[in-house]
Amino acid sequence: MSEEGLLENLSFEKFREEVLKDYKVVCESRETSLLSRKEVLTGKAKFGIFGGGKEVAQVAMAKFFQPGDFRAGYYRDQTFMFASGIATIEQFFAQLYADPDLKNDPFSAGRQMNSHFATRFVDDEGNWLDLAHKKNVSSDVAPTSAQMPRALGLAFASKVFREVDILHNLDNLSDNGNEVCFCTIGDAATSEGHFWEAMNAAGVLQIPLAVFVWDDGYGISVPKKYQTTKSSISKAMSGLQKKDGTNGINIYKLKGWDYAGMCEILDEAIKNIRETHTPALFHVEELTQPQGHSTSGSHERYKSSERLQWEKEWDGKKQMRDWILANSLADEDELNEIENNARHFVKTSKQHAWHKYITPIKNQVTETVKLLEKYASSLENKQEVEKQIKELSSLREPLRRDVMITLASVIGMASPAHNIAELKDFYDRLKQKNKEIFDSHLYNEGPKSALKVEAVPADIRVDAELVNGFEVLNRYFDHLFATNKKLVAFGEDLGRIGDVNQGFSGLQAKYGEERIFDTGIRELTIIGQGIGLALRGLRPIAEIQYLDYLLFGLEPLSDDVCTTHYRTKGQQSVPIIVRTRGHRLEGIWHSGSAMGMIINALRGMYVCVPRNMTQAVGMYNTLLQSNDPALMVECLNGYRLKERLPSNLLEYRVALGVPEVVREGTDITIVSYGSVLRIILEAAQKLESMGINCEVIDVQTLLPFDINHLILDSLKKTNRILFVDEDVPGGASAFMFNKVMEEQGGYRWLDVSPRTLSSKDHRPSYGSDGDYFSKPNVEEVMRVAKEIMAE
Ligand SMILES: Cc1ncc(C[n+]2csc(CCOP(=O)(O)OP(=O)(O)O)c2C)c(N)n1
Ligand SMILES: [Mg+2]
């Protein structure tokens, strides 16, 4: 054979091997879907959602996913995960069973439904791993399209790494911004605003984002014609198409069953994204769902028999098989063998996963039964206990809760005469164990916990310069950007004019528009940009211009940021700082103080409500020492109030969760935060002349809230308490009330009933009168305080 012929043969053999390897993954993935469904239907798992019908497109996609790249996707991507070597089938089953052992379900430790993947980004100490040389998967979430803001941010980070010179030596985080973010989304989920906002932003920003739309024609039962204009997302998006000399995105149409065709297009297209940072949309059409949407319900209910027949014919697995045979890449026997092996392999993987999942629970059952048997004879209702033992030990698929229910029940049956200390101790130990399994990692727990950052007092000299509040921030951010190269700040009007209140005034010119910049009016994806940067090891300050507009960006904060650390059991951290300004100014949409809504939506973030800019700086310093995400609400009416400039701007720190007594007093404790404190202090001064001595406490942070119970100390002294804020009745004032009364046991120290004072139920009416009558004012504070004193 000629040398040329030999080479040709060699590469043909390599090609053939590659194709068959991919076909093997397709078969294994399909078997996984089929077998998983059975596990759900027989009750061994609760729910299942699988990637059947998308296998071929995903083995093609995985070929171009390189170390350093990121994925932000949704629940259909099992094949991609298997093909890129990030997940094993055994791990897939472990998650299906909700195995809480991170070694078994390395994506979520059983905290997430199946097909919600993740890889580790940070070590146990909170240090970023060598992400530039790993294949990275940001943790999946279930709300459709919620991956879009994050995907945008992950891709955007590549741009920052490429364009900011001082980041170039961070080799573990990026290789010159060459990392592409692969984003996947269902056809129906593109109906969400998240998708449109993110695609527009990507077209403007020019970032390496590859969006794959898995178009199977349905969102559960609702077909495309009710979802998408012209029933085609690529047609609907065509105005964004990049042309010569414009920005925009590239749009490709792919057939989801056409292995060779997809590989050819993706090869060129992904290279182009990586090199030019031009985003792309891959509209992957003609995909199927061989088992319907999920294990809940069946697609026969809403698909016509023609459609079902078409899905059989155009099933990617079948098409790939036919293509292999037609091109003589393998014969029937070879393919049959691959298919049989796949079946066997998946079955074995499933068995291993089940064994690992069930063994520790069965061990708990055995131990419990042994212990209970020891006590059974000594208990009066021996028979009942024996019945319970029997019931527990006969469970074929016991859960941890079965053990706990049985133990609690037997412990409840024992009379005080029985010595069941050992049993109680065993129960408590299991309870603690379960707490660690189900209740950990809402926040960072290791050295990067914001709660471990100790306070350092601000050094404010008597002759310190008296400046406007915004100037405290401005000087601080100046020092900060000079010393912390990982910082990036952005938002509406934050770049050129340095934010609407001049905190960043002059700083873009000094530090460059790659680090301090304007964005479009798109709060949702501003948050997304922050998420992506934070996940990739940078320190974003993402600004939402006014607190009122945080609602537009609340979904990714609540669903994504707040759950990231928890849902990966500590494997990913997202230290975003969301900066905003709120409380009273003027009018319905510039006086928002919806803190109750915010703190209830944002468990998993810290919520800082500094009374002035000096305190705000101390909180920024604290947060920047940690990996915890936080919201900073600066006082909108405080930027022009005078403050003394501390001399240690970069060093002082305000400890989170530690209130400050801003006025000492003996008669009544008034608890509050933010702008309204100034009104309370004015009222307190007037009350003093009437002989009422108020102690005023600034909680400083709502999350966490007074972790050392300092408010209780005050209450013990005054025995009277009033909670004041600018939120609606029952909002954050009720939260503070509950914390102090129930959690701190404050009710025991009361002489009279505890009170709250808040704004009215409606939004504040416009103008200074509107403000006065809508929000707590000095006279109202005085009235309530006097009533409390007179009770
Ligand atoms: C915000 C939100 N709304 C509704 C749902 C419930 N839901 C889950 S999947 C789904 C359909 C999604 O269809 P599509 O995006 O086409 O993805 P496919 O499942 O077809 O791959 C719906 C409505 C959800 N998870 N999130
Ligand atoms: Mg769909």
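In the predicted model, a polar side-chain atom of His-293 lies 3.4 Å from an oxygen atom of ligand 1, a polar contact being a pair of N or O atoms within 3.5 Å (within protein, one must be able to donate a hydrogen and the other to accept it, and residues adjacent in sequence count only if both atoms are side-chain atoms). The protein covers 71% of the 580 Å² of accessible area that ligand 1 has on its own, with areas taken from the Shrake-Rupley method with a 1.4 Å probe. The model is predicted, and local features need pLDDT of at least 70, side-chain atom pairs count only at pLDDT 80 or more, and totals for chains, interfaces and linings use all residues. Residues are numbered from 1 along each chain as its sequence is written, chains are lettered from A and ligands numbered from 1 in the order in which they are written, and side-chain values use heavy atoms, with hydrogens and water left out.

Asp-187 also contacts ligand 1, through a polar side-chain atom 2.6 Å from an oxygen atom of the ligand. At Ala-142, a backbone N or O atom is placed 3.1 Å from a nitrogen atom of ligand 1. Of the 17 residues around this ligand, Tyr-74, Tyr-75, Asp-187, Ala-189 and Tyr-218 come nearest, where a residue is near if one of its heavy atoms lies within 4 Å. The shell comprises eight nonpolar, five polar and four charged residues; Ala, Val, Leu, Ile, Met, Phe, Trp, Tyr, Cys and Pro count as nonpolar, Asp, Glu, Lys and Arg as charged, and the others, Gly among them, as polar.

Two cavities of 30 Å³ or more were found, a cavity being a set of points on a 1 Å grid over the protein atoms alone where a 1.4 Å probe fits but cannot get out, with lining residues having an atom within 4 Å of a point. Volume is the space filled by probe spheres set on the points, which are joined across faces, edges and corners. The largest cavity, of about 70 Å³, has His-293 among its lining residues, including also Arg-37 and Phe-50. Its lining divides into two nonpolar, six polar and three charged residues.

Key:
On a 1 Å grid over the protein atoms alone, a cavity is a set of points where a 1.4 Å probe fits but cannot get out, and a pocket is an open set with protein on both sides within 12 Å along at least five of seven lines; lining residues have an atom within 4 Å of a point.
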